[in-house]
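The exercises below are meant to be worked through with the coordinates open. Each begins with a task and is followed by a solution in steps.

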Amino acid sequence: MEHPILFISVLLEALHLPVPHGLVGDSLLAKLVSPHMTYTWLVMAFLIIMPKLTIGKVEMVPGKAQNFWEAVISGMEGFMAENMGKEGARMMFPMLATFAFYILVANMIGLMPGFMSPTSNLNITLGCTLIVFFTTHILGFKFHGINYYKHFLGPVWWLTPLIAPIEIISHLARILSLSIRLFGNIMAKETLLGILFILAGAYFAPLPILVLGVFVSIVQALVFVLLSILYFSASMEHAH
Amino acid sequence: MAGFGKEMTKMLIEVSTIGMTVSFSIFIGVGFGYYLDTHVFDGRTKPWFTLIFLGFGVAAAFLNLYRMATRKDIGDGKE
């Protein structure tokens, strides 16, 4: 398959590393240097280094950069507290904020030529979604004890054989819909941009799609985080 | 999304999941039933588990639709 020039892959190929030309390589080393892994590490490095550079050390009277980060963080915490309560927001904030930043930056990075979105690979989004899925049920068992399984049994006992498979199916459908929505949107953006660059890149044909890409990136990060919040709060509240 | 309302955005996102949930519920049901038929029971029960779990998948899809439709916090006249 044709693929765009990714500068990290080019660099690694210059170092004689077996960069795969498909999605995922064969050997362990090829898997480790496949584009979505290397760009995930790039995003991670960006997210670790960037706040360090801009904030430096936290001061009592915030400067410009610290003001910005404080506004972002407190805005996100307020958004979470609205949906899952103060206590739940404080407990789940590190994980959800990580997802929000990671997915936002990972979506946006694909808009630059020479970069790709790690989230345009189903494995990455499925990994994020599985973390959300298992955390949901761990939270359920933490808040309700062993009685959490009653969430799956329906209101009356003689409906249990009917309701239990239905509930399990709808919980599994969440995994698929959460991962495939993010993957599909971002991969569509990437593919469309690639095709338009090849067809009419010299005439600025991809520009409208780039604008739409910014919008899609923000919306998909918001959707992923909001749906995780809703799933978490649904597993924490009392059985109906 | 300034000027659009936080509640509205949240509801839009929640409601937008329903289409995917419906289709994936049905596919998971059929897939699991087909797996039971062909791999667990080696084709002795050929069409039956697929059909039964297709029913479960459709039921799960419609249960989700029903829950979304009868929710108390959507459309209670709050601005």
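**Exercise 1: a helix pair in chain A**

Identify which residues of α5(A) meet which residues of α6(A), and describe how the two helices pack.

Solution. On the α5(A) side the residues are A:Leu122, A:Thr125, A:Leu126, A:Thr129, A:Leu130, A:Val132, A:Phe133 and A:His137, and they meet A:His171, A:Leu172, A:Arg174, A:Ile175, A:Leu178, A:Ser179, A:Ile180, A:Leu182 and A:Phe183 of α6(A), where contact means heavy atoms within 4.5 Å. By class, this contact divides into 11 nonpolar, 5 polar and 1 charged, with Ala, Val, Leu, Ile, Met, Phe, Trp, Tyr, Cys and Pro counted as nonpolar, Asp, Glu, Lys and Arg as charged, and the others, Gly among them, as polar.

The model is predicted, with local features needing pLDDT of at least 70 and side-chain atom pairs counting only at pLDDT 80 or more, while totals for chains, interfaces and linings use all residues. Residues are numbered from 1 along each chain as its sequence is written, chains are lettered from A and ligands numbered from 1 in the order in which they are written, and side-chain values use heavy atoms, with hydrogens and water left out.

For the geometry, helix α5 (residues 122-144) and helix α6 (residues 160-200) of chain A pack at an angle of about 145°, their axes lying 9 Å apart; the axes are lines fitted to C-alpha atoms over the stretch in contact, and angles run from 0 to 180 degrees between N-to-C directions.

**Exercise 2: the surroundings of A:Phe183**

Locate A:Phe183 and list what it touches when residues up to four places away in sequence are not counted.

Solution. Begin with the element: A:Phe183 is placed in helix α6 of chain A, one of 7 helices in a chain with 0 strands, where helices (H or I, at least four residues) and strands (E, at least two) are DSSP runs numbered from the N terminus. Next, with the sequence neighbours set aside, A:Phe183 touches A:Thr119, A:Ser120, A:Asn121, A:Leu122 and A:Thr125.

**Exercise 3: the interface of chains A and B**

Solution. The contact draws 21 residues from chain B and 21 residues from chain A. Together the chains bury about 1900 Å², 81% of it on carbon and sulfur atoms, buried area being the accessible area (1.4 Å probe) that two parts lose on being put together, summed over both. On the side of chain B, the most area is lost by B:Ile13, B:Ile28 and B:Phe56, together 28% of what that side buries.

Turning to charge, the rule finds 1 salt bridge across this interface, that is, a side-chain nitrogen of Lys or Arg within 4 Å of a carboxyl oxygen of Asp or Glu. A:Glu167 forms it with B:Arg67, the closest N and O atoms being 2.7 Å apart. Because A:Glu167 lies in helix α6 of chain A and B:Arg67 in helix α2 of chain B, the pair joins two chains.
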